Every structure is written in structure tokens, then in C-alpha cells.
Amino acid sequence: DAVPTRNPLSEPSSIPPCGVVPFKGFSNYACPFAFLADRLETAYPIFRAFYCRHLCRLHSISDHPNTLLSLCRTFEDLVNLAAP
């Protein structure tokens, strides 16, 4: 007797398969790339590469460098340096 397996991608979910929930205003990050490209078909790959290289690190809380936590720490250090 074969047991049917469930396919998690076929079931509706409130969280995308990538695990990143788009927030309000997310498309505003892509707007400048529409001005850089002559067609939207070329703007999307440019934005995707930029997001994968830089912005995806802001969606994870980690102690690794170049993530949101280290950015907040840098901001806190600059504020303390400017206004002790």
C-alpha cells in the first residue's frame, strides 16, 4: 500500500516558499531599477541580483557581519560617538 505524500508547495500558505514575507513598500526598492533599464524584463534581474547580494541580509537576525544586527550596532556606536 502506497502512502500518498503531501506536496507543501501545492497547499496554500501565508508564507512564501522562500521564507521572506514581503512588507508594505517592498516594491519601492525595485523602482530605481526601472529607471536604469530600458525594459522591465531587464530591470527585474538587476533588482533580483541586488536584493540577493545586499538586501536579503537585512531580513535575518544574526551576529554575522553585514546583517541587520551589525548595522544596528554600528548605528548605535555612531550615535554614542556623536552625542555621548
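User: Is Thr67 buried or exposed?

Analyst: This is a predicted model, in which local features need pLDDT of at least 70 and side-chain atom pairs count only at pLDDT 80 or more, while totals for chains, interfaces and linings use all residues. Residues are numbered from 1 along each chain as its sequence is written, and side-chain values use heavy atoms, with hydrogens and water left out. Buried means under 20% relative accessible area, exposed over 50% and partly exposed in between (1.4 Å probe, protein chains only). Thr67 has a relative accessible area of 7%, so Thr67 is buried.

User: Which residues is Thr67 in contact with, leaving aside its neighbours within four places in sequence?

Analyst: Thr67 sits in the loop between α2 and α3. Helices are DSSP runs of H or I with at least four residues, strands are runs of E with at least two, and both are numbered from the N terminus. Contact means heavy atoms within 4.5 Å. With neighbours within four places set aside, the partners of Thr67 are Arg57, Ser60 and Ser62.

User: Where is Arg57 found, and which residues does Arg57 touch, not counting those up to four places away in sequence?

Analyst: Arg57 belongs to the loop between α2 (40-53) and α3 (68-82). Its relative accessible area is 34%, so Arg57 is partly exposed. Not counting residues up to four places away in sequence, Arg57 touches Asn66, Thr67 and Leu68.

User: How many Å apart in space are Arg57 and Leu68, C-alpha to C-alpha?

Analyst: Leu68 is part of helix α3, whereas Arg57 is in the loop between α2 and α3. The two residues are 11 apart in sequence. From C-alpha to C-alpha, the distance between Arg57 and Leu68 is 6.7 Å.

User: Which residues make the nonpolar surface patch that includes Leu68?

Analyst: Leu68 is partly exposed, because its relative accessible area is 30%. Patches are made of residues with over 30% relative accessible area and no salt bridge; like charges are joined within 9 Å and nonpolar side chains (Val, Leu, Ile, Met, Phe, Trp, Tyr) within 5 Å. A salt bridge is a side-chain nitrogen of Lys or Arg within 4 Å of a carboxyl oxygen of Asp or Glu, and areas come from the Shrake-Rupley method with a 1.4 Å probe, where for residues only the protein chains shown count as cover. The patch has an area of about 460 Å² and is made by Leu58, Ile61, Leu68, Leu69 and Leu71.

User: What is the phi of Asn66?

Analyst: Asn66 is in the loop between α2 and α3. With a relative accessible area of 56%, Asn66 is exposed. Although Asn66 is not a glycine, its phi is positive, at about 65°.

User: How many aromatic pairs are there, and which residues do ring pairs link into a cluster?

Analyst: Rings of Phe, Tyr and Trp (its six-membered ring) pair if their centres lie within 6.5 Å; planes under 30 degrees apart count as stacked, over 60 as edge-to-face and the rest as tilted. The count comes to 6 aromatic pairs. One of them is the tilted pair of Phe47 and Tyr51, at 6.2 Å centre to centre and 40° between the planes. The cluster linked by ring pairs consists of Phe26, Tyr29, Phe33, Phe47, Phe50 and Tyr51.

User: Are Phe47 and Tyr51 buried or exposed?

Analyst: Both residues lie in helix α2, 4 residues apart, about one turn of the helix. Phe47 has a relative accessible area of 9%, so Phe47 is buried. At 14% relative accessibility, Tyr51 also counts as buried.
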